[in-house]
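Work through the exercises below with the model open. Each task is followed by a solution in steps.

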Amino acid sequence: MYVRELTVLPSDASCHGELKLHGLLDCLQDTAGMAVSELDGSPTQVLARGYAWVILLYEVELLHRLPALDDRFLVKTYHDMNHGYRTLRVFQVETPRGDLLAWAKTSWLLIDLAAGRPVRPAVHLPEFLTRDTAPIDPDFRAIPDFRSAAGEVRETVYPVRFHDLDANGHVNNAVYFEWVFEATPIDLMAYAPRTICASFRSSARWGDALTLRVRELEDSAERTGEIRTFVYEVVEPGRRDGKPLTAFSCTWEPYRP
């Protein structure tokens, strides 16, 4: 297991004085790249060889209050390549004394850019089999179908900005989480996300204007007390097949300092 120690910097602290969701996701993403840099598998290293990592699924659980400004914390990660074309990766965010604060699991494809198709990571990155590896459950939580939710549909348009892009020229996955966070029709000062699931189906590029749709699961607040669940989809207007680029679900609970 690869371990990295970090400190919550002022630029990553929210108005509540703790690590922002976007900052957390950036920490996870950067830690994954650092963990495989010695195995020739970081994003820049594979890009130089004509490949790119593409994310498929993301599941995040925020179990306790995230680290506060100036707090030190640990990010631990390991991967599992024994899933055909998919590589799975798990993250654990802990206090220095070992208290688990957050957990995440991701699923990735390694794409041959010239051929435009996935390749088996174990063949092209055999070093991955030698370090920081352990079995990972391949199952992810299902995201409710957007059309099955009965709540009012709210829409927000997000033009893709230059700084939303990653090294592959696509919208970085953490940006979608930020859009989902801001578009949720809830008092963001009073609620905090607890479980977020994402399915990435297609990419977006600079200049695209995307529509994020959100609706609450029917009576979710009434059925579960204070817990509220929303489903989301990001669509590209005019797309012929009408399928969303990404789909999300998020469970929110009252914020407790």
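Two strands pair if DSSP finds at least two bridges between them. Helices (H or I, at least four residues) and strands (E, at least two) are DSSP runs, numbered from the N terminus. The model is predicted: local features need pLDDT of at least 70, side-chain atom pairs count only at pLDDT 80 or more, and totals for chains, interfaces and linings use all residues. Residues are numbered from 1 along each chain as its sequence is written, and side-chain values use heavy atoms, with hydrogens and water left out.

**Exercise 1. Trace the pairing of strand β4 with β3 and with β5.**

Step 1. Strand β3 covers residues 72-83 and is joined to β4 by 8 bridges, the two running antiparallel. Within this pairing, T77 has F91 of β4 as its bridge partner.

Step 2. The hairpin of β3 and β4 has 2 residues between the strands, and G84 in the turn has a positive phi of about 65°.

Step 3. On to strand β5 (residues 100-112): β4 pairs with β5 over 9 bridges, in the antiparallel sense. Here R86 stands opposite L109 of β5.

Step 4. The hairpin of β4 and β5 has 5 residues between its strands, and G98 takes a positive phi near 100°.

Step 5. Now check the cover of β4. Of the 9 residues in β4 (residues 86-94), 8 are buried, where buried means under 20% relative accessible area, exposed over 50% and partly exposed in between (1.4 Å probe, protein chains only).

**Exercise 2. Is L109 buried or exposed, and which residues does L109 touch?**

Step 1. Locate L109 in strand β5.

Step 2. The relative accessible area of L109 is 16%, so L109 is buried.

Step 3. Contact means heavy atoms within 4.5 Å. Not counting residues up to four places away in sequence, L109 touches A52, W53, V54, L56, Y85, R86 and P118.

Step 4. For a C-alpha to C-alpha distance, take L88: L109 and L88 lie 21 residues apart in sequence and 9.1 Å apart in space.

**Exercise 3. Why does A68 count as buried, and which residues is A68 in contact with?**

Step 1. A68 sits in the loop between β2 (51-62) and β3.

Step 2. A68 counts as buried because its relative accessibility is 19%.

Step 3. Leaving aside neighbours within four places in sequence, A68 is in contact with V8, G17 and E18.

Step 4. A13 is 55 residues from A68 along the chain, and their C-alpha atoms are separated by 7.2 Å.

**Exercise 4. Find the residues with the most contacts inside the largest nonpolar core.**

Step 1. A nonpolar core is a set of buried Ala, Val, Leu, Ile, Met, Phe, Trp, Tyr and Cys residues joined through side-chain atoms within 4.5 Å.

Step 2. The largest has 59 residues, and Y58, F177, W179, L212, Y232 and F248 have the most contacts inside it.

Step 3. Beyond four places in sequence, the contacts of Y232 include F146, V180, L212, F248 and W252.

Step 4. A second, separate core of 5 residues includes Y78, L88, V90 and I136.

**Exercise 5. How many helices and strands does the protein have, and what share of its residues is buried?**

Step 1. The protein has 5 helices and 11 strands.

Step 2. Of the 257 residues, 49% are buried.

Step 3. Among contacts with a separation of 6 or more, 71% join residues 24 or more positions apart.
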